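Trainee: I have a new structure open and would like to walk through it with you. Could we start with how its parts touch?

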Amino acid sequence: MAAREAPPRLLPSGDSAITVEFSRNIDDAANRRVLALDRTLAAAPIAGVTETVPTYRSLLVHYDPVQIDFEALGEQLLTLARRPDPAAARTRRWRIPVAYGGEHGIDLEDVANTLDTTPDEIVRRHVGGDYRVAMIGFTPGWSYLSGLDKFLHMPRRQNPRVLTPAGTISIGGVQTGIQCIAGPSGWHLLGRTAVRTYQLHRDPIFLLEPGDTVSFTAVDAKTYVEQDRAAEAGEFVAELVAA
Amino acid sequence: MSKLIVSSIGPASSVQDGGRPGSQRYGLTPSGAMDRLALAAANTLVGNEPFAAAVEIGPFGASFTARCGAVRIALAGASRSADVAGRAVAFDTSATLAEGETLTLGFAKRGAFSYLAIEGGITGEPMFGSLAVNARAGLGSPYPRPLQSGDELQVQRASGAAERRIALPERPDAPIRILFGPQDDEFSEDNKKLFLDGEWKISATSDRMGYRLEGPVIKHLHGHNIVSDGTVNGSIQVPGNGQPIVLMPDRGTSGGYPKIATVISADFGRFAQISAGHAFRFKTVTMAEAQAEARKFAELLATLPDRLRPLEGLDLNLEALSAANVAGHAVNAVDAATWQVAESATS
């Protein structure tokens, strides 16, 4: 079946990286192919490839042009892209606790008003989702999740905020995300999790991998505070429900 | 152990090394020196590994004082005035600060970043194999932030080894070479031509994340939002206002603006050293040329130790110096050293 799919486009990102593009859009099938090629490359490394960065629609392959050139690497990548996904069956599943609304999710009321419903309904739909880590990027541990309920799709804010808190759970466009460290964001803030997707001096430093599946569970503000203390001490707080 | 005290320092100065590639898939940017050749040259002068941690000094002045023993240092990168207790210290040479002596550096004259390497490197706790500062991610050692006056670097006591200079190839003031892509198909041929023909300047609001360019307005064919994808050092993205941003080592690992082109890796350090307000142009090359240049650059980095010379060789050939000045080139003592090596290489 994989062999009938259109081959990806090979786009040069300078002389030391190739963007292997499967689609121009946010596209679930393309993201699966990106993650499959990433796993295939990990299982069958190509000499000279130094690092790979999966995103929604493309795999960025960094390489050392002293060891391999654009043409040779491109050919090998196209060959690998035709192989079936070696590990499609093996995915980790995480359950992540979120304190929704109030001071933790300052946009929940506005989102409910915009969508002409109640905050509870927004939380119900957000918690009900079955998400996949489509990519991690922008800042350490910022996990972009695909699988957001269509009802919750809405444009980003006109005026992005300069600073949003660590652990923010937000929605923007067709995506939802887990933001790990404080930073700018144009998304709508629904809640906060104590889970650190990035924490120094913990093993592993990065909790989530691209391709992991994620679900959310609502917790109250008091539980959030307790979990935040535990997470600061190095606990995952997130629950690994299947590996 | 000796100490190097940061007596005074301006913004945009931090401990940097070869960076921490390998975790971009988790959103962790590689950081590391803006100008890797200058970092490697400074380190090579004091016998360090080429990408050991050193102080990257931004365009403003700085001063450093040796305490608890002598400290051997070397300077490379953006040239500026440098002296120790009234003795001028040349760039691309090593020097030793006696206990209590202060190295005083002026503003960058040509370029943006200078590198102060210290014999034995800087003592710190590496994270992901690197001491490089990435303040946003809380990384960097001994301080996870840019340097401030009063900071102390724990360093090795000077070995007393003979001082050296290094003969680096001249950096041409030539156009910055690029490869189009990965999203050049988001721009018309006219706009790609405008990008190549335009004269550009680096805005003063630039930083280690990105250099903002000022020049002709580059228009998109289909708007300025694309689905985020991966970035590299030198990615040239074009946001809604049509003024490109070149991504630098503290960049976001993914970005959602179309990337019209990418600076070739061999020219990245030279690009990073263009000072704000200085006009420059881009020039396109083929992938084969860019990769040949990348291999040449790797060879240059690998053979830096072969370019070391004893400092005693700095004795000026006054006749040659005067001839060069007569020929219309203003040659100072530092340039003369480089120039003499070029002479001897051809004879």
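Predicted model: local features only at pLDDT ≥ 70, side-chain atom pairs only at ≥ 80, totals over all residues.

Trainee: You mentioned several strands of chain A. In what order do they form a sheet?

Mentor: Four strands of chain A form an open sheet in the order β1-β2-β4-β3, and the pairing is antiparallel. The edge strands are β1 (9-12) and β3 (49-54) of chain A, each of which pairs on one side only. On average, and with direction ignored, neighbouring strands of this sheet are turned by 20° against each other.

Trainee: And which helix packs on that sheet?

Mentor: Helix α1 (residues 28-43) of chain A packs on the sheet, where it touches β2 (17-21), β3 and β4 of chain A, and its direction makes about 155° with that of β3(A).

Trainee: Switching to a helix now: which residues of α4 in chain A are buried?

Mentor: In helix α4 (residues 119-127) of chain A, the buried residues are A:Ile122, A:Val123 and A:His126. Seen down the axis of α4(A), these buried residues fall within an arc of 95°, so they line one face of the helix.

Trainee: What covers the buried residues of α4(A)?

Mentor: The cover includes β5 (93-100), α3 (108-114), β10 (175-178), β12 (188-192) and β13 (213-218) of chain A.

Trainee: Let's go to chain B. Is β5 there mostly covered or mostly open?

Mentor: Strand β5 (residues 71-79) of chain B is mostly covered, since eight of its nine residues are buried. β5(B) pairs in the antiparallel sense with strand β8 (residues 93-97) of chain B over five bridges, and B:Arg72 has B:Thr96 in β8(B) as its bridge partner. β5(B) also pairs in the antiparallel sense with strand β10 (residues 110-118) of chain B, over six bridges, and here B:Ala76 stands opposite B:Tyr115.

Trainee: Which residues touch the most other members of the largest nonpolar core?

Mentor: That core has 83 residues, and those that touch the most other members are B:Ala42, B:Ala54, B:Ile73, B:Leu116, B:Ala117 and B:Ile118. α1(B) gives the most to this core, with seven residues. A second, separate core of 46 residues includes A:Ile122, A:Trp142, A:Leu208 and A:Val214.

Trainee: What is B:Ile118 in contact with?

Mentor: Leaving aside its neighbours within four places in sequence, B:Ile118 is in contact with B:Leu4, B:Val46, B:Ala54, B:Val71, B:Ile73 and B:Val155.

Trainee: Last topic, the backbone. Where are the cis peptide bonds you have noted?

Mentor: One runs from A:Asp203 to A:Pro204, with omega near 0°, and A:Pro204 is found in the loop between β12 and β13 of chain A. Another runs from B:Gly181 to B:Pro182, with omega near 5°, and B:Pro182 has its place in the loop between β13 (176-180) and α2 (189-197) of chain B.

Trainee: And A:His201, with its positive phi: is it buried or exposed?

Mentor: A:His201, whose phi is near 60°, lies in the loop between β12 and β13 of chain A. It counts as exposed because it has 7 C-beta neighbours inside 10 Å, and the cut-off for exposed is 12 or fewer.

Trainee: What about B:Ser31, buried or exposed?

Mentor: B:Ser31 has a positive phi of about 55° although it is not a glycine, and its place is in the loop between β2 (14-16) and α1 (36-45) of chain B. With 29 C-beta neighbours inside 10 Å, B:Ser31 counts as buried.

Definitions and conventions. Residues numbered from 1 in each chain as written. Chains lettered and ligands numbered in written order. Buried ≥ 20, exposed ≤ 12 C-beta atoms within 10 Å, placed from the backbone. Helix = DSSP H or I, 4+ residues; strand = E, 2+ residues; numbered from the N terminus. Pairing = 2+ DSSP bridges. Arc of directions from axis to C-beta. Contact = placed C-beta atoms within 7 Å. Core = buried A, V, L, I, M, F, W, Y, C linked by C-beta atoms within 7 Å. Axes fitted to C-alpha atoms, helices over the stretch in contact; angles between N-to-C directions.
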